[in-house]
Amino acid sequence: MQTNGLLVDDDWARFLSAERFRVGLSLDGPADLHDVYRLTRGHEPTHAGVMRAFALLQQHRIPCDILCVVHGRNVREPVRVYRFFRKIGARSISFLPVVEPQSGSPGGVSPHSVPAAAYGEFLCTVFNEWAERDAGHIAVQAFDEATRPARGLPHSLCIVRETCGDVPVVERTGDFYCCDHYVNEDHRLGNIRDTPLVELIESPAQLAFGRAKRDTLPGYCRACDVLLMCNGGCPKDRFIRTPEGEEGLNYLCEGYKRFYTHLLPYAVKVGSERMGAPMLEARTPSDQGNLAGGRPVVGRNDPCPCGSGRKYKKCCLQATSSSPARGRGSTPR
């Protein structure tokens, strides 16, 4: 369950605990950073209410993921934001960048959107802080996802997989939409009262939507050294041009490339340790460590690197080729 926490009380906490829910709690850092945009309809701050909810979730031992929206203000203070989460006892954190195109300004974004370069520096700074003392104790979604290709695992998040389309939306009316970032008439494929859900999920239009993420990737991305770590990012953010003028580059590309390049040596090391051998097989000696040119060195009949105990062909290889792992998008709508 995802919540801003304001209505979580003892009754809710007991229910969530008894039914073994995992809860995602929206919290954007210390009070002065959280309350920049997290206000009630009466323009009152909400930080104290969210912290009360977090305390209740901890008290009832409910697994809690902190979902921190990174915007134009808190992106400037990565160390303070991260240390705040460490101090309150967060054990799982996702950083969700705000990207809102500005109408009438091609390639422009709203004032509270996160600057692309600043987002990359934010992630790099948080990674350095995390790697120094918290690796293995605090889970940061961006770091886990970035290392999955080197560990021989498929991405779990739709925004960084090669194709997407398996995180659709069903509204209360029964209307079915391709994705929670595309709830509009152009992407309404039907209604579950008229068409079985499975038919909508497996419809040619839905499958084509998912493949378009890969098929419309600019050449600039296809040649990128860290392609396998992001696969072009979320299609909703691919509205700027490449240096060569090609359309379809992700607004966050500059930040993504900075972060993934920074994390690459760590990803290769983690992959090597997991497999007990070098994880990347390069096309040429100069390509060693290039995730776009490399692939996991694991045989179909070898034990799966995810630790399931099954053979690779019966586990993550199968998930990659036929039924991609389900995952939530990591950017707010």
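User: What do buried, exposed and partly exposed mean here?
Analyst: Buried means under 20% relative accessible area, exposed over 50%, and partly exposed in between, with a 1.4 Å probe and protein chains only. This is a predicted model, where local features need pLDDT of at least 70, side-chain atom pairs count only at pLDDT 80 or more, and totals for chains, interfaces and linings use all residues. Residues are numbered from 1 along each chain as its sequence is written, and side-chain values use heavy atoms, leaving out hydrogens and water. By the area cut-offs, Tyr119 and Tyr256 are both buried.

User: How are the rings of Tyr119 and Tyr256 arranged?
Analyst: Rings of Phe, Tyr and Trp (its six-membered ring) pair if their centres lie within 6.5 Å; planes under 30 degrees apart are stacked, over 60 edge-to-face, the rest tilted. Here the centres are 6.4 Å apart and the planes at 70 degrees. The Tyr119–Tyr256 pair is edge-to-face.

User: How many residues apart in sequence are Phe95 and Phe122?
Analyst: Helices (H or I, at least four residues) and strands (E, at least two) are DSSP runs, numbered from the N terminus. Phe95 lies in strand β4 (residues 92-97) and Phe122 in helix α5 (residues 116-133), so their pair ties together parts of the chain. The separation is 27 residues.

User: Is Trp12 buried, exposed or partly exposed?
Analyst: Trp12 sits in helix α1 (residues 10-18). Its relative accessibility is 40%, so Trp12 counts as partly exposed.
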